Amino acid sequence: MKKTLLMVAILAMASVATAMAQPRAIGGRIGYGLEVSYQHGLGDNMLTIEAGVPGFYSGQAVVTYDWINPFNTSIPWDEKGSWNWSLGVGGAVGGSWVGKYGYIGAVGRVNVEYSFWFPLQLAVDFRPMLGVGFGKDYVGFAWDAYAGGIGISARYLF
């Protein structure tokens, strides 16, 4: 389990390191637990990396590739700041230190965010996960569409 988490972290950092000249944001996400959130611009799209403690009894790392304003649809806005929405796909890996189980799965994301005219971004997203759960004597279906799926984020843009 530790090797899998380490491999995901290394791959995520390598992806981030390849595009250092793009816009970035760092902050937190509150849902069924707390997460640290990092976004890195990749051209017109972005890579989102989040790590945290869902339910405060486990650890989780999530990486998604998000398409900003897909289908060339943007939210019309004539005031200061800007609205964006995005769709994304990626992967998640995690485990519990209470129940001694782990999981790995695919993640989807639907995100709506507002970037202020100063370096602050607020977002609401839905991030369901579907995958495989495993433990000492257990292998089965793992999913998270309700408890950890909905989150509110605040990020500093730099």
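A salt bridge here is a side-chain nitrogen of Lys or Arg within 4 Å of a carboxyl oxygen of Asp or Glu. The structure described is a predicted model, and it holds 8 salt bridges. One of them is formed by Arg 127 and Glu 35, whose closest N and O atoms are 2.8 Å apart. This pair links distant parts of the chain, with Arg 127 in the loop between β7 and β8 and Glu 35 in strand β2, 92 residues apart. Arg 127 has a relative accessible area of 4% and is therefore buried. Glu 35 also counts as buried, because its relative accessibility is 11% and the cut-off for burial is under 20%.

Arg 127 forms a salt bridge with Glu 50 too, and there the closest N and O atoms are 2.4 Å apart. This second pair again links distant parts of the chain: Glu 50 lies in strand β3 and Arg 127 in the loop between β7 and β8, 77 residues apart. At 1% relative accessibility, Glu 50 counts as buried.

With a relative accessible area of 2%, Arg 155 is buried. Through shared partners, salt bridges join Arg 29, Glu 35, Glu 50, Asp 66, Arg 109, Asp 125, Arg 127 and Arg 155 into one network. Side chains of opposite charge can pair when their charged atoms come close.

## Overall fold

The protein chain has 158 residues, of which 40% count as buried. Its secondary structure comes to 1 helix and 10 strands. Along the sequence the pattern is α-β-β-β-β-β-β-β-β-β-β.

Strand β6 covers residues 101–115. β6 and β7 run antiparallel and are joined by 6 bridges; a hairpin connects the two through 4 residues. Tyr 114 stands opposite Leu 122 in β7. β6 also pairs with strand β8 (residues 129–135), in the antiparallel sense and over 7 bridges. In that pairing, Tyr 103 has Gly 133 of β8 as its bridge partner.

Strand β8 is joined in turn to strand β9 (residues 138–144) by 7 bridges, and the two run antiparallel. A hairpin through 2 residues joins β8 to β9, and Gly 131 stands opposite Ala 142 in β9. Strand β7 is joined to strand β10 (residues 150–157) by 7 bridges, also antiparallel. Leu 122 stands opposite Ala 154 in β10.

## The two faces of β7

Side chains alternate along strand β7 (residues 120–126). Gln 121, Ala 123 and Asp 125 point to one face and are buried.

## Surface and partly exposed residues

Tyr 32, Tyr 57, Trp 97, Val 98 and Tyr 101 form a nonpolar patch on the surface. Together these residues have about 510 Å² of accessible area. Tyr 101 belongs to strand β6 and is partly exposed, with a relative accessible area of 33%.

Leu 87, in strand β5 (residues 82–96), is likewise partly exposed, at a relative accessible area of 27%. Leu 87 and Val 112 are 25 residues apart in sequence, and their C-alpha atoms are 9.2 Å apart in space.

## Cavities

The structure holds 2 cavities of 30 Å³ or more. The largest has a volume of about 60 Å³ and is lined by 12 residues. Of these, Arg 29, Tyr 32, Gly 33, Glu 35 and Pro 54 lie nearest its centre. Strands β2 (33–42) and β3 (45–54) each supply at least two residues of the lining, and β2 gives the most, with 3 residues.

Key:
Residues are numbered from 1 along each chain as its sequence is written. This is a predicted model: local features need pLDDT of at least 70, side-chain atom pairs count only at pLDDT 80 or more; totals for chains, interfaces and linings use all residues. Side-chain values use heavy atoms; hydrogens and water are left out. Patches are made of residues with over 30% relative accessible area and no salt bridge: like charges are joined within 9 Å, nonpolar side chains (Val, Leu, Ile, Met, Phe, Trp, Tyr) within 5 Å. Accessible areas come from the Shrake-Rupley method with a 1.4 Å probe; for residues, only the protein chains shown count as cover. Buried means under 20% relative accessible area, exposed over 50%, partly exposed in between (1.4 Å probe, protein chains only). Two strands pair if DSSP finds at least two bridges between them. On a 1 Å grid over the protein atoms alone, a cavity is a set of points where a 1.4 Å probe fits but cannot get out, and a pocket is an open set with protein on both sides within 12 Å along at least five of seven lines; lining residues have an atom within 4 Å of a point. Grid points are joined across faces, edges and corners, and a volume is the space filled by probe spheres set on the points.
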